[in-house]
Amino acid sequence: MVLLTIPTQHDQLAEKYFVSGNYSQAASIYEEAIAVEPDIKSNYWYLGLALLLQGQEVEAQTTWFMAMMEGEAEQVESWSTELINILETEAERRESLEEYLIAEKIRRSIKEISPQNINNLLSLIKITIKLETYTNDDIKESGVIEILQCEPNAEVKLELLMQTLEGVLNKYFLYPSSLDFVKYCTPFFQNNPQLLLCIILPSAVEIACSHRFPRIAAQLCEIYLQLNPDNPEVIGHIAGFYESSLQFEKAISAAKSFYEQVQELPDMVFANRQILRCLMSAGGHWQESCTINKRQESLIKTLIEANPINLDNVRVCRLVNANFFAPYIEDNPQKNRGIQNSLLQLCHTNIVNYAKEAVDKYYQGNLERKKSGIANKKIKVGYLSSCLRSHSVGWLSRWLFQHHDHDKFEINAYFISTNPGSDPLHDWYLSKVDKAYKSSKTSEIAEEIYQDEIDILIDLDSITLDVTCEVTDMKPAPVQVTWLGWDASGSPSVDYFIADPYVLPESAQEYYREKIWRLPQTYVAVDGFEVSVPTVTREELDIPHDAVVYFSGQRGFKRHPDITRLQLQIVKEVPNSYFLIKGLSDEEAIKKFFYQLAEEEGIDIDKFRFLPGVISESIHRANLGIADIVLDTYPYNGATTTLETLWMCIPMVTKVGEQFAARNSYTMMMNAGITEGIAWTDEEYVEWGVRLGKDEALRQQIAWKLRQSRKTSPLWNGKQFTREMENAYTQMWQRYIEE
């Protein structure tokens, strides 16, 4: 308790009782003081506070009311202000002591006295968030939104408003009232929009990336842009949020607006990449995508030639995946891997510059550990990813976690921006590791890896996530490996890239910076997939039971027009055939894309069926059963989709290229014992597609071979694969300690 008047002997004694929690003694002292000097109103205010803290709310309110009832209006107003100041001071003291229940009780009393006191209401909301008792109705019932809306000149403490906003958006962004709250807070930052940006943008990124609600993130940015409509930072982010929430036209428009606003070369590279991302994800914009990609290649080469060495971490993180879409557009690894390697070298140089203290610390620390003798011990393996959840990487890597030998390996997982509300697969991963660590901050993750003394760090995301690249470039572990994900990142801080005899040609080492570590059979294996009950039938799709059904299920940016033309030529050549098309994209744009190609190839569009997404992967797999043949994409093959196809015993056609992304289906089919459907040219792709469509006996033979492969194929033996990965880890570690 802090007294507002010059303390008397009574006050000093009462304060001691307040601080010690002896409220009844404090009340007795103030009752004595009132008996001696009944006109000193502050004694009533403190007596009421003492009663309130004893749980006697009614008695406290009565004490305050009785002290005011004989006063004139001006006196009552002055007394009320004095009382509120006393209660406010005590509430703040209790908050500083983290005694939130007591603080809440006091602030609710202030609300009774002054229901329009906006700063008290904001503080009350902040306290309920601390106590985790906040509900969707709290802001509405408190009247905060109405006050903010109707009293634009209210004297709001901006720091308090920011803290409350941050608390609401941190945990309660799904509440409908939260966006209303943000909306009516915004005008109070008219003179300093940067303050609001410091709350809105980090919250939006967290909501979109960690919690997977990009539409809400976009809505937050839309609210901010009403205050500051030309802010390039927000426009750049909102383009990504729109794309992730499948609002493709908005995404493309925002990305182009972002590009027009930036002037620095690193920002232009990022902005142009945002345009490419939005166009490719929408699908059907291939001509424009190729044009933008050529500009992207030129921008990246110019940046590499300029070789800036003092870029900040935000710009560097935006550059690591600037070349992401090149393998979707062309199969030219000699050129594109060279660009990728040079780009990641540039990023690495800058990361080492701005994180020099940590980089030096990790290097020296790991060197000292090596010198101290670490040969005969359990190897510590750390997995770094944002995708150990219901995601392709999560579905494919789980068998490695399932079968790891914990007697020989200590397994840690470092989850980046992974806070799904309800994800059984993520919960499963948490149960399979010796230690789980979650963060979205590079410095925290790298330091944790270093302090955990991880020996081998496995990056599962490559350049699909900037944080993983920034972490690996700081080299917190002495041996670093890329597996799964997109492809090797090209970073000089990564030692190995996991492959197999098929997924990369022998010549690949010429253009990979990382040492290619080929496992003896396959670079990925699963014990199988969960399959649910199908939700589509031929009858519902108006497809005859004796028809031949082709299927292609990929995201919009994998639908290259060249391979799509070949797919249409196949369907055209096979009588009584239909083509099922599925995958995340702009529905109207992708239909227009297929219809235009169909017209050019002379194929009846009545053969097309566009399938919507389903609620779970297990239903998607069940629905694959409707297909007779799956047609793979190129130059970027399926990966998880290919494994699912083979597990469901469905014949498929794939074209093999040179780059990693163009050979995924090839290695999986080879490891399943299937060569039928593997094409090395466009002509072979069409020939296999037509042959499989016309030869039912061949399809049945392949289906039987695939069913039999479940018993013997390395593709379906997660335990054997795990032993091979563990052998690789052991050999990598042995090489390191012997160097």
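Predicted model: local features only at pLDDT ≥ 70, side-chain atom pairs only at ≥ 80, totals over all residues.

Trainee: Where does Asp-487 lie? And why is Asp-487 called buried?

Mentor: Asp-487 sits in the loop between strand S5 (479-482) and strand S6 (496-499). Buried means under 20% relative accessible area. Asp-487 has 8%, so it counts as buried.

Trainee: What makes the link between the side chains of Asp-487 and Tyr-512 a polar contact?

Mentor: The cut-off for a pair of N or O atoms is 3.5 Å. The side chains of Asp-487 and Tyr-512 are joined at 2.8 Å. As for Ile-498, it is 11 residues from Asp-487 in sequence, and their C-alpha atoms are 9.5 Å apart in space.

Trainee: Let's turn to helices. Why are H6 and H7 called roughly antiparallel?

Mentor: The axes of helix H6 (residues 100-113) and helix H7 (residues 118-131) cross at roughly 150° and come within 10 Å. Angles over 145 degrees count as roughly antiparallel, so H6 and H7 are given that name. Their crossing is left-handed.

Trainee: Which residues of H6 and H7 meet?

Mentor: On the H6 side they include Tyr-100, Leu-101 and Arg-107, while Leu-121, Leu-124 and Ile-127 are among those in H7. Sorted by class, this contact of H6 with H7 has eight nonpolar, three polar and five charged residues.

Trainee: How do you know that Ser-109 is buried?

Mentor: The limit is under 20% relative accessible area, and Ser-109 is at 5%, so it is buried. Ser-109 lies in helix H6. Apart from neighbours within four places in sequence, Ser-109 touches Leu-52, Gln-61 and Trp-64.

Trainee: What about H11 and H13: why are they called roughly parallel?

Mentor: Helix H11 (residues 176-185) and helix H13 (residues 214-227) have axes that come within 9 Å and cross at roughly 20°. Angles under 35 degrees count as roughly parallel, so that label goes to H11 and H13. H11 passes H13 in a right-handed crossing. Leu-179, Val-182 and Lys-183 of H11 make the contact with Gln-219, Leu-220 and Ile-223 of H13. Those residues divide into four nonpolar, one polar and one charged.

Trainee: Why is Glu-98 called exposed, and why is Glu-453 called partly exposed?

Mentor: Exposed means over 50%, and partly exposed falls between the buried and exposed limits, 20% and 50%. Glu-98 has a relative accessible area of 58%, so it is exposed. Glu-453 has 37%, so it is partly exposed. Glu-98 is in the loop between helix H5 (73-96) and H6, and Glu-453 is in the loop between helix H24 (442-451) and strand S4 (456-459).

Trainee: What is the phi of Glu-98, and what is the phi of Glu-453?

Mentor: Glu-98 is not a glycine, yet it has a positive phi of about 60°. Glu-453, another residue other than glycine, has a positive phi near 55°.

Trainee: To finish, how many helices and strands are in the chain?

Mentor: The chain has 33 helices and 13 strands. Of its 739 residues, 58% are buried.

Technical notes. Residues numbered from 1 in each chain as written. Heavy atoms only, no water. Axes fitted to C-alpha atoms, helices over the stretch in contact; angles between N-to-C directions. Helix = DSSP H or I, 4+ residues; strand = E, 2+ residues; numbered from the N terminus. Parallel < 35°, antiparallel > 145°, perpendicular 65-115°, else oblique. Left-handed = near helix turned anticlockwise from the far one by under 90°. Contact = heavy atoms within 4.5 Å. Nonpolar A, V, L, I, M, F, W, Y, C, P; charged D, E, K, R; others polar. Buried < 20%, exposed > 50% of the residue type's maximum accessible area, 1.4 Å probe, protein only. Polar contact = N/O pair within 3.5 Å; in protein donor to acceptor, adjacent residues only side chain to side chain.
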